[in-house]
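Me: I have a model open and would like to go through some of its labels with you. Could you help me set the values against the cut-offs?

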Amino acid sequence: MRHSRSLRSLVVAGSMALAATTLSATAAVPATASGASPQAAACEDGHSDHAAEARVRKGSKKLEPAAFAGTGEEYAVLADSATLAGGSVTIPTYFHVVLPEAEEANGSAAEDRLRTLVDRQVAVLNEAFAGRTKKRTSATTPFQYTLAGVDFSYNDAWSTVTPGPVESEMKAATRVGGKETLNVWTANIGDGLLGWATFPTKRLSSNDGVVILDESMPGGTAVPYDGGDTLTHEVGHWLALYHTFQGGCNGQGDRVSDTPAEAAPQFGCPTGADTCAAPGLDPIHNYMDYTEDDCMYQFTPGQAARMSDAWTQYRAS
């Protein structure tokens with residue numbers, strides 16, 4: 001197997017400029033925000049230094065890979081703390097773009113295209129976490145993202161990575177920064193996955209970060225998952241958000257009080273879906289469901305508070 005070769009690095013000072021003005025809203029955050037932060041969970045392949053959750057395509061053979069399955073009961077509850085101000089935390093973000101070895105012969109053309117997709121992706125990520133969504137209101141979160149670097153690797157094994165030993169090898173060779181640094185790997189990932197992410201832990205895991213399908217970035221070919229919201233979803237996990245369908249209709253669900261319960265993940269954009277007897281329609285517009293990118297546009301105030309607590313307790317300390 002060929003080793004990674006890191007090429008030119010793009011360094012950007014300051015935050016990425018956001019796209020054109022869209023709707024924004026600042027919602028009141030509840031005085032208490034329940035939540036959990038996962039501890040290490042054993043995976044099928046035997047590595048147990050991180051717990052993770054994923055997003056999958058409609059029709060995937062794995063609605064939730066067994067390596068990521070969990071009831072939430074094994075995770076410690078987050079301590080409540082004051083919710084950080086909107087946009088007050090700037091997270092340095094590195095993209096590690098992985099391509100098959102044959103692509104290296106194409107020179108800069110493939111790299112230039114993917115750099116453009118990365119730039120668009122960071123803009124979408126900033127819009128989502130700022131509450132400036134393309135359709136309706138969404139909670140403002142404390143987080144903004146600045147593109148700190150982009151590198152390229154040509155490696156056949158990494159280019160179709162799935163969770164497991166190859167993932168660990170890839171991350172160990174390329175990851176940069178500490179717990180407060182977001183590392184994103186893009187590749188033509190397998191198993192019908194759109195992406196997966198690790199949860200925060202007290203001690204930095206060598207697997208910490210997010211992996212996404214490269215063509216899910218804005219302008220990619222993974223229709224209808226080509227709007228960039230796979231990364232939004234996965235960064236939500238990186239900041240300790242569960243899926244909105246966590247636990248189905250029973251129990252503590254995603255441990256956020258203002259996301260209505262839903263029995264199972266929703267795909268497409270099933271307006272009016274209501275799969276649980278508890279109040280509220282299924283949160284199909286929430287970034288933490290499995291609906292199409294064009295259907296997603298919302299974090300709730302409770303989710304913003306939970307991410308803030310996770311940052312304070314796990315990533316900022």
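Me: Which residue with a positive phi follows H4?

Reply: That is alanine 240, with phi near 80°. Please keep in mind that this is a predicted model.

Me: Thanks! What does the secondary structure of the chain come to, and how do the elements run from the N terminus on?

Reply: There are 5 helices and 8 strands. Their order is β-β-β-β-α-β-α-α-β-β-β-α-α. Of the 317 residues in the chain, 54% are buried.

Me: What makes H4 largely enclosed by the rest of the structure?

Reply: Buried means under 20% relative accessible area. In H4, 10 of the 10 residues are buried, so the helix is largely enclosed by the rest of the structure. Among them are the charged residues Asp229 and Glu234, together with His233, His237 and Trp238.

Me: Which residues of H1 and H4 meet?

Reply: H1 brings Gln121, Val124, Leu125, Ala128 and Phe129, and H4 brings Asp229, Leu231, Thr232, Val235 and Gly236. By class, this contact has 6 nonpolar residues, 3 polar ones and 1 charged one.

Me: Why is the pair of phenylalanine 129 and phenylalanine 299 called tilted?

Reply: Two rings pair if their centres lie within 6.5 Å, and planes under 30 degrees apart would be stacked, over 60 edge-to-face. Here the centres are 4.9 Å apart and the planes are at 50°, so the pair is tilted.

Me: What is the angle between the planes of tyrosine 287 and phenylalanine 299?

Reply: The planes are at 50°, with 4.7 Å from centre to centre, and this pair is tilted as well. Tyrosine 287 and phenylalanine 299 are both in the loop between H4 and H5, 12 residues apart. At 3% relative accessibility, tyrosine 287 is buried.

Me: Which residues form one aromatic cluster?

Reply: The cluster consists of Phe129, Tyr145, Tyr287 and Phe299. The count of aromatic pairs comes to 7.

Me: Let's turn to glutamine 266. Why does glutamine 266 count as buried?

Reply: Its relative accessibility is 14%, and the cut-off is under 20%, so glutamine 266 is buried. This residue is in the loop between H4 and H5.

Me: Which residues does glutamine 266 touch, not counting those up to four places away in sequence?

Reply: The list is Ala273, Thr275, Asp282, Ile284, Asp289, Tyr290 and Thr291. As for phenylalanine 245, its C-alpha is 8.7 Å from that of glutamine 266, with the two residues 21 apart in sequence.

Technical notes. Residues are numbered from 1 along each chain as its sequence is written. This is a predicted model: local features need pLDDT of at least 70, side-chain atom pairs count only at pLDDT 80 or more; totals for chains, interfaces and linings use all residues. Side-chain values use heavy atoms; hydrogens and water are left out. Contact means heavy atoms within 4.5 Å. Helices (H or I, at least four residues) and strands (E, at least two) are DSSP runs, numbered from the N terminus. Rings of Phe, Tyr and Trp (its six-membered ring) pair if their centres lie within 6.5 Å; planes under 30 degrees apart count as stacked, over 60 as edge-to-face and the rest as tilted. Buried means under 20% relative accessible area, exposed over 50%, partly exposed in between (1.4 Å probe, protein chains only).
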